[in-house]
Amino acid sequence: MSDYRGSPAVLPTTEGDVERDGVRVHYEIYGEGEPTLLFLPTWSIAHSRVWRNQLAYFGRHYRVVVYDGRGNGRSDRPADPAAYEPLQFALDALAVLDATGTEQAITVSLSAGTAWNLILAALHPERVAAAAFVGPTLYAVCEPFPDWSKTPYNERFASYDRFPGHNRYFIGEHYRDFVAFWNRLCFPERHSTRAIEYGTGMMLDTTPEVVLATLDTPGLRDLHSAADRLAQAGAQLQQLTGEVRCPVLVVQGALEQIAMPAWAEALARDTGGELVILPDAGHVPCGRKPVAFNLLLRDFVKQVSR
Amino acid sequence: MIELAPEPTRAHYPDQEGYAEHGDGVRVFYEVHGDGDATICLLPPWPLMTSRSWRSQVPYLCRHFRVITVDPRGNGRSDRPREPRAYSRAAHVADVLAVLDATATDRAMLASISPRAALALALAVEHPERVQAVAFITPQLWRIGEFVRPFTAGRRERYDGYDKFNPSYWKRDYEGFVWWFASRAFPHPHSTRQLEHLYEEAFQTDPETLIVATIGFDMYEREEALALAATIRSPVLVTQNGGDAFWPKDTSGPLAEASGGRLHVFEGLGPVVGARWPVAMNLVLREFFASAAEAA
């Protein structure tokens, strides 16, 4: 994994590993001071470099803790689907907070990270000063569902041109095609070649077996399609939002192709949070529109740290 | 819900804009950015491009200097005369002087790109009282075989590579020419934005205009150019892209030597450093212009 960081704008102040449940997770700390921002992992197709455009900027102003989610980067890649339940990701986050001596943090999640960010904010309020959710994919509390989620998950097709999306065989047997497809969905903005290259690199840092393990967690593997999984996740997560007491920011790109706009609206509404729509941004505004995103997140941090 | 304002399409909008002319009935459009003590005039490029080809320099430089840009005859918001003689070097010199007059600019520091080095040289030697410094970016001063041979080769059945630098081909397949030129100007990954900008500029004009503009602009002979360069009294910077050749590189070294100017080579970057690696270009330009302004 020599190309893990590329040529970074800033190097971590400290880095280390924390082991929990037999799985080792690698974390990094940038900068110092108050408060601490905890940038959470997203789906294991990416690792902590998904936040590459935040580290230098926020490290200059605050203390930043970031870590590779299990399944990618420099963290372990367990084979057992049960290891990829959202609760496991939330427990990893608590272990990283403990290992880095962080009593409380402002948590920031992207896409699938919605789940563990909500678990932390709702069930561990003493550790979360405020929570920011970017492109909250798993808060799928209402119709309509995106096209990519409607592909039958367990059916093998001769070609996936007409059924690109979450499909066991598309991912398992045509991983490079799935990677290309998913990155196009993530980055609908023009001039995204560099962002797509980074996204592709991270997806190739893990394996299709790991990606399938994250989708085959207990209770999900037999469902018909990703839409069914999303609906189940949305229903479970919605029960948590009533417990959230901290300030919440929800950021959604206006060009989103992965998370539906209504989900971001619902998450802001259900948590009493603020919703900001970034024009000209897709699913990953932190990567593709870093200046706009960083200024917005910094305003939120200032507002909640007063 | 907060709706943020849409992204501005320009990083800096002009503080002043207008048209200048000098009696031949052709209006050229100019913009003034910033209000620094010293003025930089970013000279008009070959009219495949417009003054917007300086887009990555203007917002930075105008924080430190007053910056004037000029659309070339034949593109942008300037007029598009259809006779070659309207595109003479002398007509371009007069355009720039008219813009300096219209903006009440006694003296300016100049930057030229590629063949418009001949315009910068003419201004510096013919009007030294108006020129405080000259930066020649990837200069060409005399006609270059790679471009002259295909340009004068007449009509062909097919046009491969440099053959496309040919007026008959431009008329037959202008987009094919623009694509060939753009893909050589920006051969690196992650250049989609630069390619798009070049397209936007190239399609504001048409092949007929580009042909008369290319025929009409008189370049120097090599010996004449170098002899004139030796007479420049103001500070001179010559920059040359590194990397693979597309723009010929045989001018920068002799020009720097003849003028006693500084040669800066962007190792490994190019061909179009200012658009694709603007930070590298801007730091070099700022350092040069700041020292030239201080010396004056």
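Before I start, one definition: when I say helix or strand, I mean a DSSP run, at least four residues of H or I for a helix and at least two of E for a strand, numbered from the N terminus. With that in hand, hello everyone, and please keep in mind that this is a predicted model.

Ser111(A) sits in the loop between β5 (105-110) and α3 of chain A. Its phi is positive, about 55°, although it is not a glycine. As a reminder, most residues other than glycine have a negative phi, and most peptide bonds are trans. Is Ser111(A) buried or exposed? Ser111(A) is buried, with 22 other C-beta atoms within 10 Å.

Asp21(A) also has a positive phi without being a glycine, about 60° here. You'll find Asp21(A) in the loop between β1 (14-20) and β2 of chain A. Asp21(A) is exposed, with 12 other C-beta atoms within 10 Å.

While we are on the backbone, there are two cis peptide bonds to show you. One runs from Glu34(A) to Pro35(A), with omega near -10°, and Pro35(A) belongs to the loop between β2 (23-30) and β3 (36-39) of chain A. The other runs from Gly270(B) to Pro271(B), with omega near 5°; Pro271(B) is in the loop between β9 (262-266) and α11 (273-276) of chain B.

Now to helix packing. Two packed helices are described by the angle between their axes and the distance between the axes. Take helix α2 (residues 86-99) and helix α3 (residues 114-123), both of chain A: they pack at an angle of about 60°, with their axes 8 Å apart. That angle is why α2(A) counts as oblique to α3(A). The crossing of this pair is right-handed. On the α2(A) side the contact uses Pro86(A), Leu87(A), Phe89(A), Ala90(A) and Ala93(A), and on the α3(A) side Ala115(A), Trp116(A), Ile119(A) and Leu120(A). By class, that contact has 9 nonpolar residues, no polar and no charged ones.

What about α3(A) and helix α8 (residues 226-241) of chain A? Their axes come within 9 Å and cross at roughly 25°, and 25° is under the 35 degree cut-off, so α3(A) and α8(A) are roughly parallel to each other. The crossing of α3(A) and α8(A) is left-handed. From α3(A) come Thr114(A), Ala115(A), Leu118(A), Ile119(A) and Ala122(A), and from α8(A) come Ala233(A), Leu237(A), Leu240(A) and Thr241(A). The tally for this contact is 7 nonpolar, 2 polar and no charged residues.

On to helix α9 (residues 261-271) of chain A. Which of its residues are buried? They are Trp263(A), Ala264(A), Ala266(A), Leu267(A), Ala268(A) and Thr271(A). Their cover includes β6 (128-134), α8, β7 (248-253) and β8 (274-278) of chain A. After α9(A) comes Gly272(A), with a positive phi near 65°.

Finally, the cores. The largest nonpolar core has 95 residues, and Leu37(A), Leu38(A), Val64(A), Ala93(A), Ala132(A), Val251(A) and Trp263(A) touch the most other members. Leaving out residues up to four places away in sequence, Leu37(A) touches Phe58(A), Tyr62(A), Val64(A), Ala105(A), Ile106(A), Val108(A) and Val301(A). Apart from that core lies another, of 76 residues, including Ala118(B), Ala182(B), Ile232(B) and Ala256(B).

Definitions and conventions: Residues are numbered from 1 along each chain as its sequence is written. Chains are lettered from A and ligands numbered from 1 in the order in which they are written. This is a predicted model: local features need pLDDT of at least 70, side-chain atom pairs count only at pLDDT 80 or more; totals for chains, interfaces and linings use all residues. A nonpolar core is a set of buried Ala, Val, Leu, Ile, Met, Phe, Trp, Tyr and Cys residues joined through C-beta atoms within 7 Å. A residue is buried if 20 or more other C-beta atoms lie within 10 Å of its own, exposed if 12 or fewer, and partly exposed in between; C-beta atoms are placed from the backbone. Two residues are in contact if their C-beta atoms, placed from the backbone, lie within 7 Å. Axes are lines fitted to C-alpha atoms, for helices over the stretch in contact, and angles run from 0 to 180 degrees between N-to-C directions. Angles under 35 degrees count as roughly parallel, over 145 as roughly antiparallel, 65 to 115 as roughly perpendicular and the rest as oblique. A crossing is left-handed if the near helix is turned anticlockwise from the far one by less than a right angle, and right-handed if clockwise. Ala, Val, Leu, Ile, Met, Phe, Trp, Tyr, Cys and Pro count as nonpolar, Asp, Glu, Lys and Arg as charged, and the others, Gly among them, as polar.
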